[in-house]
Amino acid sequence: MILSVRDLKVSFRTNDGLVRAIDGVSFDLEESEILGVVGESGSGKTVSLLAVMGLITDPNASIEGSIRYKGRELVGLPARELRRLRGNEIAMIFQDPMTALTPVYTIGWQIAEQIRAHQNISKAKAMVRVEELLAEVNFPNPHEAMSRYPHQLSGGMRQRAVIAMALSCNPALLVADEPTTALDVTVQAGILDLVRKLRATHKSAVVFITHDMGVVSELADRVMVMYAGRVVERGSRMELFSDPRHPYTRALLGSIPPLTGEKPRRLPAIPGSPPSLLRLPQGCAFGPRCPVHYEPCVTDRPELGIGTHAAACFRVAQA
Amino acid sequence: MSGPMTDSPILETRSLGKRFSIGTRFSAEGKRTVHAVDNVSLTVRRGETVGLVGESGCGKSTLARCLVRLYDISDGELLFEGEDITSKSLSELRPLRRRLQMVFQDPSASLNPRRRVGDLVAEPLRIHGKLSSREITARVAELFELVGLLPDHVMRYPHEFSGGQRQRVGIARAIALNPDLVVLDEPVSALDVSVQAQIVNLLADLQEKLNLTYIFIAHDLSVVRQVSTRIAVMYLGSIVEEGPAEEVFATSAHPYSQALISAVPVVETTPSGTRKRIILTGDVPSPLKPPSGCRFHPRCPIAVDRCRTERPELREYRPGRKVACHFPTV
């Protein structure tokens, strides 16, 4: 087991009240497994992974629950210890590669710096490793690319450079937060291929956050659907896509226009918009938008329950 | 206006081009010219939706802005209802602006945060119309209902709305003056998946009710297919393929369209690997230094010598289907 998260809760104190960004999230991740986390903006998918990385430093944030990485508790671990893990054993890729790159140094310098921060090797050796890494992420001319500045690269190339940086220390866990959202589909296809290849060669476990159901269905082994800070459904890729149970998952899948076949005259849309995390409904957070909600949904909150394929819904529990 | 005229073009471009000059004579490479849009001939018929697709930087947004004359046109001609509006002055364009409207990607960037949304929607009515203030209030209420906003929303500020609602405000502004043609530049890209479908449906309803013609730009190909009657695929400033939406998706003729469509991730319930995917190598070349011959040849899986020297013209190979390729899949 690489990662084991239990009942994770993250909340932020704000002027308007307590924002419950994450409210009881649990999941496990095995070696070389790809976990897809899907949800809309504000569903808590990014915050839960920032918590895993120990990147929530806001003094108004409170983090409860347990995050175990290879059996070691990360919640409450001193910053020094965390820094040793981050970038080394646990790496992260963000949506916008420019946030992870500094514009004033070359790509080669930046990746080498990352390697030397965690490994005791000479600059020359680090540079050799950088060239290997850039070749691995399919830079057509890795040696030349090392001397390039971020602004001289295209969006797809920058994201590859960031991936090379993330892989520089052979991470056991790679967290990717919407890494392809800003990219064109043609470039995205290449990056997804790369992630698959890396899982095979580096045996890294990957948490892949996205809002795109298509991406998840092509990449993930297991999927977790989040809504308003909670996991509403989880299951293997096959389970979730061939037998979606939670009304939210079903509605989300239904609202994607088809790429082949007959065009529906109207798309089955989900009415309303996601709730504010400041004023969550007392019962099921999806209740007000749910086509099949009934009395218990208003007062009680459905639990996810156990089992590989589970949905937090009274209707599902009833069936 | 509609009915018997449904097949008459509302908007037409003839070899339209847009050049930007960048740099100065003091910059390292000197003064240079980018052909952002190059030789585009496109006909938009009344009541249809033309979808423009392509990777970022292919010139689809530039083309859209040329079509409503937000940019001046460098080459070719632009015709609105048969009338040449390529080089009309701003004052001559004014009466036309009412009939050509645009909806932008980011509604929070295109709405003034300091003004109430009712006021924002009333603005075009005040500028163009000869309505009394009472008539304006009534029209705003009508527009709010049309786009699915509540009457008491008029007093709110843009920040009090969700992204989807803000886009509804943007749409209300665009349709306020009963336009004939609306250019929608990535209108749903900034929205959550669950809200996207609502806006797509709203646009379809409005088109039917108000007899609108749309030019729809989006990078999400499944959304474009859903919305469009016809599709034009752009690559490096030019149209490489054009045809009815479903046909282009089902049987694309240009190798670029094939690669683009195959790259879209779709939800599959069968074990992966069933769909054939064409992965393009390399990036879109810089429009500053477009490749010789066919501009797609450096990334094309079927390119031969001829493609490196001779640029294929966009030609109609079957009624309604056009392709710019020496070796199209037909």
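Guide: One term before we start: two strands pair if DSSP finds at least two bridges between them. Also keep in mind that this is a predicted model.

Visitor: OK. Which residue stands opposite B:Met234?
Guide: B:Met234 stands opposite B:Ile239, which belongs to E11 of chain B.

Visitor: And in what sense do E10 and E11 of chain B pair, parallel or antiparallel?
Guide: Antiparallel, over 6 bridges. Strand E10 of chain B covers residues 230-235, and strand E11 of chain B covers residues 238-244.

Visitor: What is the strand order of the sheet they sit in?
Guide: The order is E7-E8-E9-E4-E10-E11-E13-E12 in chain B. That is an open sheet of 8 strands with mixed pairing.

Visitor: Which are the edge strands?
Guide: Strand E7 (100-103) and strand E12 (315-318) of chain B, each of which pairs on one side only.

Visitor: By how much are neighbouring strands turned against each other?
Guide: By 25° on average in this sheet, with direction ignored.

Visitor: Zooming out, how many helices and strands does chain B have?
Guide: Chain B has 11 helices and 13 strands.

Visitor: What about chain A, how many helices and strands?
Guide: Chain A has 12 helices and 11 strands. The radius of gyration of chain A is 21 Å, close to the 20 Å from the globule rule for 319 residues, so chain A is also as compact as a globular protein of that length. In chain A, 46% of the 319 residues are buried.

Visitor: Now the contact between chains. How many residues of chain B are in contact with chain A?
Guide: 37 residues of chain B are in contact with 39 residues of chain A.

Visitor: Which elements of chain B give two or more residues to that side?
Guide: Four helices of chain B do: H7 (193-210), H8 (221-227), H9 (245-250) and H10 (255-262). H7 of chain B gives the most, with 8 residues.

Visitor: How do the residues on that side divide into nonpolar, polar and charged?
Guide: On the side of chain B that touches chain A, 18 are nonpolar, 12 polar and 7 charged.

Methods: Residues numbered from 1 in each chain as written. Chains lettered and ligands numbered in written order. Predicted model: local features only at pLDDT ≥ 70, side-chain atom pairs only at ≥ 80, totals over all residues. Axes fitted to C-alpha atoms, helices over the stretch in contact; angles between N-to-C directions. Contact = placed C-beta atoms within 7 Å. Nonpolar A, V, L, I, M, F, W, Y, C, P; charged D, E, K, R; others polar. Rg over C-alpha atoms; globule rule 2.2 N^0.38 Å. Buried ≥ 20, exposed ≤ 12 C-beta atoms within 10 Å, placed from the backbone.
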